[in-house]
Amino acid sequence: MKTIIYAHPWEGSFNHSILEAIKKELDKSNEPYKIIDLYKESFNPVFSPEELRMYGIGETPYEKVKEYQKIIVDSSDLIFIFPIWWYDMPAILKGFLDKVMLKKFAYLEENGVWTGLLTNITKVNVITTASMSKKDLTENGNAIQGVFIDSILTSLGIFKENMKWIHIGDITDPNNENRIKFLESLKNYI
Ligand SMILES: Cc1cc2nc3c(=O)[nH]c(=O)nc-3n(C[C@H](O)[C@H](O)[C@H](O)COP(=O)(O)O)c2cc1C
């Protein structure tokens with residue numbers, strides 16, 4: 001199953017147009033898919049003391065996290081859609097990683113060695129928007145390719161070669177043509 005993990009609060013945004021374009025493409029295939037819409041579902045990225053107490057044993061009292069873990073276990077493809085905020089992903093998505101990617105569920109750690117457990121995920125597309133280009137982001141912190149894809153997701157057992165970062169920069173350019181072309185190009189990745 002394909003699962004979209006979406007992090008943008010506003011329906012008037014370009015990220016929302018990306019979400020709609022991907023949904024339209026997936027609807028054509030009649031394949032089932034799920035959407036985790038973090039803002040719409042009021043996901044709380046702030047750790048409570050109880051959550052952090054249980055974190056060390058890979059457990060959680062937060063029912064939504066258990067629900068999201070079930071969806072991820074049933075998924076083979078993940079599609080992340082989010083804007084770049086301060087060179088990185090929005091905090092709500094970082095909180096999703098913090099809370100959902102728990103020990104025993106997403107990885108094992110023994111004597112400092114990590115083994116990723118999400119080997120059911122065989123394809124990941126990370127779709128981002130920003131004013132900056134992919135080159136600017138890569139040269140300044142490299143949070144998406146370097147940290148998110150090559151470090152976090154590979155630690156969870158997903159192969160680097162099965163992941164792709166798709167980015168549109170210059171998002172504030174009033175010329176709409178690039179945006180339209182970008183939306184059309186998305187069908188090539190899904
Ligand atoms: C809090 C915040 C931080 C941002 N930081 C960056 C940044 O570091 N680099 C960048 O190129 N754009 C940055 N932007 C611009 C957003 O990436 C841009 O508004 C967004 O991609 C546009 O897509 P949207 O219409 O779907 O919101 C930031 C915007 C916000 C709201």
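**Pockets in the predicted model**

Helix H1 (14-29) and strand E2 (33-37) each contribute at least two residues to the lining of the second largest pocket. The structure described here is a predicted model. Of the elements around the second largest pocket, H1 gives the most to the lining, with 4 residues. The volume of the second largest pocket is about 190 Å³, and 13 residues line it. Nearest to the centre of this pocket lie Tyr6, Glu11, His16, Asp37 and Lys40. By residue class, the lining of the second largest pocket consists of 6 nonpolar, 2 polar and 5 charged residues.

The largest pocket holds about 220 Å³ of space. Its lining is made up of Phe47, Tyr55, Lys94, Leu97, Asp98, Met101, Tyr107, Trp114, Ile152, Ser155 and Leu156. Two or more of these lining residues are given by each of helix H4 (91-100) and helix H6 (143-155). H4 provides the largest share of the lining of the largest pocket, at 3 residues. In the lining of the largest pocket, 8 residues are nonpolar, 1 is polar and 2 are charged.

The two pockets can also be set side by side by composition. Charged residues number 2 in the lining of the largest pocket, whereas the lining of the second largest pocket has 5. Nonpolar residues number 8 in the former and 6 in the latter.

Terms used:
Residues numbered from 1 in each chain as written. Predicted model: local features only at pLDDT ≥ 70, side-chain atom pairs only at ≥ 80, totals over all residues. Heavy atoms only, no water. 1 Å grid on protein atoms, 1.4 Å probe; cavity = no way out; pocket = protein on both sides within 12 Å on 5 of 7 lines; lining within 4 Å. Points joined across faces, edges and corners; volume = space filled by probe spheres on them. Nonpolar A, V, L, I, M, F, W, Y, C, P; charged D, E, K, R; others polar.
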